[in-house]
Amino acid sequence: TAGFPKLTDTAVLLKELQKANIDFVEVGLPFSDSLMDGPTIQHSHQVALENGMTLEVLMEQLDSVRSEISYPLVLMGALNPIVQFGVERFCEHCHQVGIDGVLIPDLTLSEYQKNFKTLYQKYHLAPIFMVTPRTSEARLLEIDAEGSGFLYVMSSSSTTGAANKTLSDSKAYLERIQALPLRNPKAIGF
């Protein structure tokens with residue numbers, strides 16, 4: 001979560017992660033009313049907001065550190081703060097600071113196609129979408145066709161940080177995902 005545990009920690013952590021030779025980083029945009037997040041992530045959002053993290057502050061921090069980072073950066077957050085910031089302004093700032101992809105869990109595919117797709121293309125942002133164990137095969141293929149960067153495969157239909165499922169519970173689902181002719185790489189999360 002951007003701005004957690006301290007307001008200026010995001011840039012510091014991003015620089016440290018550069019040393020670890022990672023594949024990419026997903027930076028969470030704090031929001032007061034997160035939808036799918038469990039208590040741990042909700043707490044980090046609350047602390048970050050109390051620290052003064054905003055989209056403007058985050059964009060300034062990312063701009064100051066992006067030249068020192070070679071891995072892709074993905075922003076993940078709720079639609080509400082992005083709409084309040086201004087969708088085109090958000091996309092333009094993302095492009096200016098070197099964001100590679102954006103994942104907005106509560107942005108529906110139809111809303112993306114109607115109001116976001118052109119802006120994502122204009123500002124060279126990869127639209128990243130989530131799929132769950134309940135996503136039908138037809139819908140999964142449709143989501144994969146619209147997305148780019150990677151497909152975020154939710155390991156379960158629960159809130160983030162929930163530890164009540166084992167990987168074996170998800171085995172059939174993950175095997176089904178693996179067998180599909182998907183064009184995007186997959187990242188398992190949640």
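I take helices (H or I, at least four residues) and strands (E, at least two) as DSSP runs, numbered from the N terminus.

**Ground rules.** I am working on a predicted model, in which local features need pLDDT of at least 70 and side-chain atom pairs count only at pLDDT 80 or more, while totals for chains, interfaces and linings use all residues. I number residues from 1 along each chain as its sequence is written, and side-chain values use heavy atoms, with hydrogens and water left out.

**Helices α3 and α5.** I looked up helix α3 (residues 55-65) against helix α5 (residues 87-97): their axes come within 9 Å and cross at roughly 20 degrees. I therefore log α3 and α5 as roughly parallel to each other; angles under 35 degrees count as roughly parallel, over 145 as roughly antiparallel, 65 to 115 as roughly perpendicular and the rest as oblique. The crossing of α3 and α5 is left-handed, a term for the near helix being turned anticlockwise from the far one by less than a right angle, with right-handed for clockwise. For contact I use heavy atoms within 4.5 Å. On the α3 side I find L55, E56, M59, L62 and D63, which meet R89, F90, H93, C94, Q96 and V97 in α5. By class, this contact of α3 with α5 has six nonpolar, two polar and three charged residues. In that count Ala, Val, Leu, Ile, Met, Phe, Trp, Tyr, Cys and Pro are nonpolar, Asp, Glu, Lys and Arg are charged, and the others, Gly among them, are polar.

**Helices α5 and α6.** Next I checked α5 with α6; their axes come within 9 Å and cross at roughly 25 degrees. That makes α5 roughly parallel to α6. I note this crossing of α5 and α6 as right-handed. V87, E88 and C91 of α5 make the contact with F116, L119, Y120 and K122 of α6. The residues of the contact of α5 with α6 divide into five nonpolar, no polar and two charged.

**Helices α1 and α3.** I read an angle of about 35 degrees for the packing of α1 and α3, with their axes 9 Å apart. The crossing of α1 and α3 is right-handed. T10, A11, L14 and K15 of α1 make the contact with L58, Q61, L62 and V65 of α3. I count five nonpolar, two polar and one charged residues by class in the contact of α1 with α3.

**Cores.** A nonpolar core is a set of buried Ala, Val, Leu, Ile, Met, Phe, Trp, Tyr and Cys residues joined through side-chain atoms within 4.5 Å. Buried means under 20% relative accessible area, exposed over 50%, partly exposed in between (1.4 Å probe, protein chains only). The largest nonpolar core has 47 residues, of which L14, L75, F90, I99 and Y120 touch the most other members. I followed L75: leaving aside its neighbours within four places in sequence, its contacts include V27, L29, L58, M59, L62, F90 and C94. A second, separate core of ten residues includes M76, I128, M130 and F150.

I found a cis peptide bond joining F4 and P5, with omega about 5 degrees; P5 is in the segment before α1 (9-19). N21 is not a glycine but has a positive phi of about 55 degrees, and lies in the loop between α1 and β1 (25-28). N21 counts as exposed because its relative accessibility is 70%. H124, also not a glycine, has a positive phi of about 55 degrees. I place H124 in the loop between α6 (109-122) and β4 (126-131); at 58% relative accessibility, H124 counts as exposed.

Note on methods: Axes fitted to C-alpha atoms, helices over the stretch in contact; angles between N-to-C directions.
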